[in-house]
Amino acid sequence: MQNIALEQKATIVNPTIPTVSSNLPLTGSKMKKVFCLLLLSMLSPAALSPAALMAQDKPDPWIQKKLQQFKPLTDEQKAAIEQAVPNQSTAKPKKTRKVLVFYRCEGFVHNSIPYGNLAIEAMGRKTGAFSVDLADTYDVFTTKNLEQYDCILLNSTTGMLFPTADQQNAFLDFIANGKGLAGLHAASDNFGRHPACRAIVGGEFGGHPWGAGGNWAFKLDDPEHVLNIAFGGKGFWHSDEIYQYNPQTYEGPQVLRVLLSLDMAQSEVSKQIKDGPREVPVSWLRKAGEGRVFYTNFGHREDTFRKPMILQHMLDGIQYAIGDLEADATPTAKVGAKSPALAPAKP
Ligand SMILES: [Zn+2]
């Protein structure tokens with residue numbers, strides 16, 4: 001079996017959050033409960049004492065985790081990202097656009113996250129395609145707060161765990177009602193606890209036989225597709241860590257429009273697995289309700305965010321998710337076979 005464990009999240013199985021609405025009127029039994037709680041709090045004021053409140057208000061472990069993990073970028077690193085980001089967006093924004101970049105990790109934390117955050121901010125600023133708010137606390141997921149955004153971008157989030165059903169529903173409704181979702185790299189190692197969200201992303205991490213230290217070949221499954229224009233109609237080589245997807249969770253070509261995949265015609269790629277050659281998709285788009293989803297597995301390595309070609313692909317995908325770049329999301333299985341653009345011989 002492949003080296004699945006490295007990025008596997010902690011296997012905490014969360015009970016499915018019941019979908020409840022907080023707006024329901026209080027029923028008889030609910031009213032009784034509220035009354036009992038009120039009575040209890042009056043009888044035992046200690047339950048509401050400052051000490052008790054502080055005990056409930058535990059420090060967020062993520063704050064410590066990110067301080068340890070994320071090193072500040074040097075001026076050179078920042079300049080390299082700024083330089084690599086496209087100067088112009090493929091589509092002109094139809095109006096002022098705003099992207100919520102979420103980067104919290106309950107599982108594996110990627111060092112590349114601050115590089116990705118900076119690159120996304122820079123691409124929005126340089127091209128004028130969108131502005132960015134960065135967030136790493138779940139309180140941003142309310143219907144009211146999300147109204148101001150056109151797209152949620154998950155930058156290598158792992159093991160997300162919405163604390164309440166309302167927060168999960170706000171996320172799901174945002175997309176279903178016509179907004180966008182963009183996912184980079186571990187955004188597909190993220191929703192094991194929330195199967196409905198996982199299905200929208202399109203697939204869940206099932207190991208990465210293609211490690212971050214390798215240089216891998218990629219083919220364009222859809223060479224003419226507008227979200228592949230960054231690659232100029234040609235397959236290519238790129239160093240990054242590449243996932244395969246748990247077959248039970250992968251939505252497949254019946255649902256997804258697969259843009260590019262590992263090129264198994266190259267032995268360098270196919271020898272990493274014993275059951276190959278087989279299709280391992282890397283980037284795709286899809287419709288989800290009225291909304292639009294773009295996902296790419298690129299983004300494990302910090303230097304991925306200094307590659308103009310990859311950044312152009314990401315920007316185009318984000319513009320599709322926002323709703324500014326028209327792109328055909330008809331599932332691959334329904335558009336018939338296209339002849340892929342294979343990678344050249346290994347450089
Ligand atoms: Zn990774």
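Which residue stands opposite Phe-294 in β9? It is Leu-285. The structure is a predicted model, in which local features need pLDDT of at least 70 and side-chain atom pairs count only at pLDDT 80 or more, while totals for chains, interfaces and linings use all residues. Residues are numbered from 1 along each chain as its sequence is written.

The protein has eleven helices and nine strands. Both kinds of element are DSSP runs numbered from the N terminus (helices, H or I, at least four residues; strands, E, at least two). Buried residues make up 43% of the 347 residues. A residue is buried if 20 or more other C-beta atoms, placed from the backbone, lie within 10 Å of its own. Two residues are in contact if their C-beta atoms, placed from the backbone, lie within 7 Å.

Strand β9 (residues 291-296) has six of its six residues buried, so it is largely enclosed by the rest of the structure. Gly-291, Val-293 and Tyr-295 lie on one side. Arg-292, Phe-294 and Thr-296 lie on the other. Strands pair if DSSP finds at least two bridges between them. Six bridges join β9 to strand β8 (residues 281-288), and the two run antiparallel. Their hairpin has two residues between the strands, and Gly-289 takes a positive phi near 60° there. Five bridges join β9 to β4, in parallel. Here Leu-184 has Thr-296 as its bridge partner.

The largest nonpolar core holds 77 residues. Such a core is a set of buried Ala, Val, Leu, Ile, Met, Phe, Trp, Tyr and Cys residues joined through C-beta atoms within 7 Å. Cys-151, Leu-153, Leu-262 and Ile-318 touch the most other members. Helix α10 (residues 308-322) gives the largest share of this core, eight residues. Leaving aside residues up to four places away in sequence, Ile-318 touches Val-99, Cys-151, Leu-153, Ala-182 and Phe-294.

Helix α5 (residues 113-127) is mostly covered, with eleven of its 15 residues buried. Among them are Ile-113, Tyr-115, Ile-120, Glu-121 and Met-123. The buried residues of α5 pack against α4 (75-84), β1 (98-102), β2 (131-135), β3 (151-155), β4 (180-184) and α10. At 1.5 Å a residue, the helix should span 21 Å, and its end C-alpha atoms are 21 Å apart, which agrees. The expected span is 1.5 Å times one less than the number of residues. Just after α5, Gly-128 takes a positive phi of about 75°.

Technical notes
Buried ≥ 20, exposed ≤ 12 C-beta atoms within 10 Å, placed from the backbone.
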